Amino acid sequence: MTRRVRLGLFLVAGAGLAVVLLLGFGGLPSFGHAHELDGAVVNLDEPTLRHATDVVTALNFDLRAFDTLGEEFILFASVTGVALLLRTLRQEEEEDQEITPGIEDHRFAGASDGVKLTSLLLIPLLIAFGAYLVFHGQLTPGGGFQGGVVLAAGPIAVLLAGRYLSMKRIAPKRLLEVSDALGAAAYGLIGLGGLIFTGVYLEDPLPLGVSGQLLSAGMMPLNSIAVGLEVTGAFLLTWTQFFDQTLVGPPSGS
Amino acid sequence: MTVLQIIALVLVAVAGGAVVLTPEALRQTMVLGIYGIALTLLFFVFQAPDVALSEIVVTGIGLPLIILAALRKIRQQQARQSHAREEAEE
């Protein structure tokens, strides 16, 4: 395709998109006004009937808990796909043996002292904040997914300090796989608990507790921990797979 | 709409344009990180802290790291190919 054909195609498609968007915007409620009913029902039901103070988490783990189950397994399946595609092949294993032992830690060691110090400070902060987000899912903004990605960023700070092999020691691949699988399985099994004790899959059999306390809102804290485990494992596993392909291996240009 | 929200919207528009207009992939990855921070700010001032928390890690760290790793892999392969070509010429 020449540049002129591409530009012409873009102009036609762009004009079409603009028309559709403008028509769509015409039907939107004005700024700051939502379609009221749905939001009103959720805002009323979740804090009173489920004792959850963060309505977003309540939505994810209660109203549309089954959708979340699907999302859990979308993440699980895609990470499995990445692990399968980026697995170590026989030829790559042979290449790896040519590397001098101990050289890997220096491959990424361009980090300045300032970056190293910042990473050192970031590690405990990220772990603490991530754990806080996971455990306070039903109380304050955050939850399993948000806490999970923040937790996964903790070991990445070790990588930023130029210590990839140390990062792999903190978060070995086997542990990440277990965490990913255990989290996904736990969410499904929590739902099964509902089926056994109430007769409805993902229905909440646990006592609701006092609104605003760490152990309240029934199964939501458990769901949050399960999702947190899975997301931490999934993100770190994906990153580790990518870095194994690039940071460890024959140096570039040799 | 508050002033803060307008500022956030403008920031996102500018940063999004900058990502598209940055020519080189490595620089583009860095600009993408800045765009992620702008989006985080946008979600925060529009009262969606849950989304902001996911966004800051996913576009601030997650996506750039994977792109950087992929870029590095491509360069390693290019270097290996040109090396092999030189050897063949010798």
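Visitor: Quick one to start: how much of chain A is made up of buried residues?
Guide: Of the 254 residues in chain A, 34% are buried. A residue counts as buried if 20 or more other C-beta atoms lie within 10 Å of its own, as exposed if 12 or fewer do, and as partly exposed in between, with C-beta atoms placed from the backbone. This is a predicted model, where local features need pLDDT of at least 70, side-chain atom pairs count only at pLDDT 80 or more, and totals for chains, interfaces and linings use all residues. Residues are numbered from 1 along each chain as its sequence is written, while chains are lettered from A and ligands numbered from 1 in the order in which they are written.

Visitor: Good to know. What are the ipTM and pTM?
Guide: The ipTM is 0.83 and the pTM is 0.82.

Visitor: And what does chain A average in pLDDT?
Guide: The average is 82, and 89% of the residues in chain A score at least 70. pLDDT is the predictor's confidence in each residue, from 0 to 100.

Visitor: What about chain B, what does its pLDDT average?
Guide: Chain B averages 89, and 100% of its residues score at least 70.

Visitor: Among contacts between residues at least 6 apart in sequence, how many join residues at least 24 apart?
Guide: In chain A, 74% of those contacts do.

Visitor: Let's do some packing. At what angle do helix 8 and helix 11 of chain A pack?
Guide: About 40°, with the two axes 7 Å apart. The axes are lines fitted to C-alpha atoms, for helices over the stretch in contact, and angles run from 0 to 180 degrees between N-to-C directions. Helix 8 and helix 11 of chain A are therefore oblique to each other. By the cut-offs, angles under 35 degrees are roughly parallel, over 145 roughly antiparallel, 65 to 115 roughly perpendicular, and the rest oblique.

Visitor: Which hand is the crossing of helix 8 and helix 11 of chain A, left or right?
Guide: Right-handed. That term applies if the near helix is turned clockwise from the far one by less than a right angle, and left-handed if anticlockwise. The residues that meet include A:G144, A:F145 and A:L151 in helix 8 of chain A, and A:F235, A:L236 and A:W239 in helix 11 of chain A. By class, this contact has 13 nonpolar, seven polar and one charged residues. Ala, Val, Leu, Ile, Met, Phe, Trp, Tyr, Cys and Pro count as nonpolar, Asp, Glu, Lys and Arg as charged, and the others, Gly among them, as polar.

Visitor: Now helix 4 and helix 10 of chain A: at what angle do they cross?
Guide: Roughly 155°, and the axes of helix 4 (residues 65-85) and helix 10 of chain A come within 10 Å. That makes helix 4 of chain A roughly antiparallel to helix 10 of chain A. Their crossing is left-handed. Among the residues in this contact are A:F73 and A:F76 of helix 4 of chain A, and A:Y187 of helix 10 of chain A. The contact divides into six nonpolar, two polar and two charged residues.

Visitor: And between the chains, how many residues does the contact take from each?
Guide: It takes 20 residues from chain A and 18 residues from chain B. On the side of chain A that touches chain B, helix 8 (144-160) and helix 11 (220-246) of chain A each supply at least two residues. That side of chain A has 13 nonpolar, seven polar and no charged residues.

Visitor: Is A:L202 buried or exposed?
Guide: Buried, with 22 other C-beta atoms within 10 Å. B:Q47 also is not a glycine and has a positive phi, of about 60°. B:Q47 lies in the loop between helix 2 (25-45) and helix 3 (49-89) of chain B, and counts as exposed, with 10 C-beta neighbours inside 10 Å.

Notes:
Two residues are in contact if their C-beta atoms, placed from the backbone, lie within 7 Å. Helices (H or I, at least four residues) and strands (E, at least two) are DSSP runs, numbered from the N terminus.
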